[in-house]
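Please have the sequence and the 3D view at hand as you read.

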Amino acid sequence: MARITSPAHVPALGTHEREEIGRELQATLVELVDLSLLGKQLHWSVVGPLFRPLHLQLDELIDSWRVLADTVAERAVALGTWPDGQAGTVAASSELVPLERGAIEDHDVIVVLTRRLAEVAERVRARMDRLGELDAASEDVVIEVVRALEEQLWMIRAQHPEPSA
Ligand SMILES: [Fe+2]
């Protein structure tokens, strides 16, 4: 464990910068893990005529969020900080509002997903901006996350019952 944090083996960044970058990556990891859990809850809870396309689309989104979470966590380790994507940590630090247990109408699934994704994308975008001043390599990882989330947001927004939402 000590070896990975030895100055000779980690990127040349100050301790303070490393910790700050680690915090931004950790916050992003937590949100991606929570999004993937929220996605599964919607995948199981959706009802209505759009059940099948939404049920399938949610699994595609979950796959993407899990891959992105892995990329973010591994960037943190490469940097010499330790990520934590365990349930207790995610529950204690995620800002995502949990869903109530039970059936959710297909159109409501689209509304919930649009809202939650937009909130996460906005926070991750702010982290991307902060990372831009700290470490371009970590910023690049978070740019990839923002690009994916904003593309997903567009595709979900396009299915919204109210086009302006
Ligand atoms: Fe499933």
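Where is the place of Gln86? Gln86 sits in the loop between α3 and α4 (87–93). This is a predicted model, in which local features need pLDDT of at least 70, side-chain atom pairs count only at pLDDT 80 or more, and totals for chains, interfaces and linings use all residues. Residues are numbered from 1 along each chain as its sequence is written.

Gln86 is exposed because 11 other C-beta atoms lie within 10 Å (exposed means 12 or fewer, buried 20 or more, with C-beta atoms placed from the backbone). From C-alpha to C-alpha, Gln86 and Ala103 are 27 Å apart in space, and 17 residues apart in sequence.

Now let us turn to α5. Its buried residues include Val109, Leu113, Leu117, Val124 and Leu131, along with Arg116 and Arg127. The buried residues of α5 pack against α2 (15–45), β1 (46–47), α3 (51–79), β2 (104–105) and α6 (contact means C-beta atoms within 7 Å).

How do α5 and α6 meet? The axes of α5 (residues 106–132) and α6 (residues 136–157) come within 9 Å and cross at roughly 155°. That makes α5 roughly antiparallel to α6 (an angle over 145 degrees). The residues in the contact of α5 with α6 fall into these classes:

| Class | Residues in the α5 and α6 contact |
|---|---|
| nonpolar | 16 residues |
| polar | four residues |

Key. Axes are lines fitted to C-alpha atoms, for helices over the stretch in contact, and angles run from 0 to 180 degrees between N-to-C directions. Helices (H or I, at least four residues) and strands (E, at least two) are DSSP runs, numbered from the N terminus. Angles under 35 degrees count as roughly parallel, over 145 as roughly antiparallel, 65 to 115 as roughly perpendicular and the rest as oblique. Ala, Val, Leu, Ile, Met, Phe, Trp, Tyr, Cys and Pro count as nonpolar, Asp, Glu, Lys and Arg as charged, and the others, Gly among them, as polar. Two residues are in contact if their C-beta atoms, placed from the backbone, lie within 7 Å.
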